[in-house]
Amino acid sequence: MKFPQGLLKGIISGIVLAGILLTVRLSAEETVLEKVEKDKSQEPPQVALTFDDGPHSVYTPILLDGLKERGIKATFFLMGKNIQGKEDIVKRMAEEGHLIGNHTYSHVQLSRLPMEKAREEVEKTNEEIYEITGEYPVYLRPPYGDWKKDMEKSLEMLPIFWDIDPLDWGRGDTAGIVSSIEGKIEDGSIILLHDCYDSSVKAALQVADDLTKAGYELVTADKLIVD
Ligand SMILES: [Zn+2]
């Protein structure tokens, strides 16, 4: 007996449709939105967007515009050598309420340097920032996360690390960066990004919108570190 073509097609598209619906339902259940709704009675969960390696003359202002539009404060760990010629951008960060931290002068691995040289990397950057904002940074993001406990005393800075690293610098795909962040997000998360790529800035703003919608509060990173 020949199976009627129309019926076969109908069955196949029915199966496909059921598959799609199931997939949609499953992924909807996993969105950040659902996750937070369960904790509505408690304090809103807080997360911090942090940006390393800037300022960048093109992408940092775009990011600042986006953050301003949304009323969000972020954290910028600046490289001293990137500041010259971009003083206005640094000034704007401070004026718009963002937290400015130190990311060394030339992106060095601090523990590999003699202490005197390591201090120079940190102090030169602090001076550059102080000259623009009138405030010395208190926090430092050690490049590569390379940090030893005794550096808090010898460098007189407090380190801020991260728990979510979407490896945005090598990817270029905004959607991939967004899902890599949102898949790991939890109360207290510190997200590491770089404000020197178009895809990173787009991803940051997308994440900001998604998390805000889901009930998260976006704060500067100093609010999330425990002494
Ligand atoms: Zn860096």
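Exposed residues have over 50% relative accessible area, buried ones under 20%, and partly exposed ones fall in between (1.4 Å probe, protein chains only). The views below come from a predicted model, in which local features need pLDDT of at least 70, side-chain atom pairs count only at pLDDT 80 or more, and totals for chains, interfaces and linings use all residues. Residues are numbered from 1 along each chain as its sequence is written, and side-chain values use heavy atoms, with hydrogens and water left out.

View 1. Helix α4 spans residues 87–95, and its buried residues include Ile89, Val90, Arg92 and Met93. These residues sit on the same side of α4 because they cover an arc of only 160° around the axis (the arc is that of the directions from the helix axis to the C-beta atoms). Look at the other side of α4 and you will find Asp88 and Glu95, which are exposed. Helices (H or I, at least four residues) and strands (E, at least two) are DSSP runs, numbered from the N terminus.

**View 2. What surrounds α4.** The cover over the buried residues of α4 includes α3 (59–70), β2 (75–78), β3 (99–102) and α5 (115–133). After α4 comes Gly97, with a positive phi near 85°.

**View 3. Asp146 in its loop.** Find Asp146 in the loop between β4 (139–140) and α6 (151–154). Asp146 is buried, with a relative accessible area of 13%. Leaving aside neighbours within four places in sequence, Asp146 is in contact (heavy atoms within 4.5 Å) with Gln109, Leu110, Ser111 and Arg112.

**View 4. Asp146 and Leu110.** These two are 36 residues apart in sequence and 6.4 Å apart in space, C-alpha to C-alpha. A polar atom of the Asp146 side chain lies 3.3 Å from the backbone nitrogen of Leu110.

Note on methods. Polar contact = N/O pair within 3.5 Å; in protein donor to acceptor, adjacent residues only side chain to side chain.
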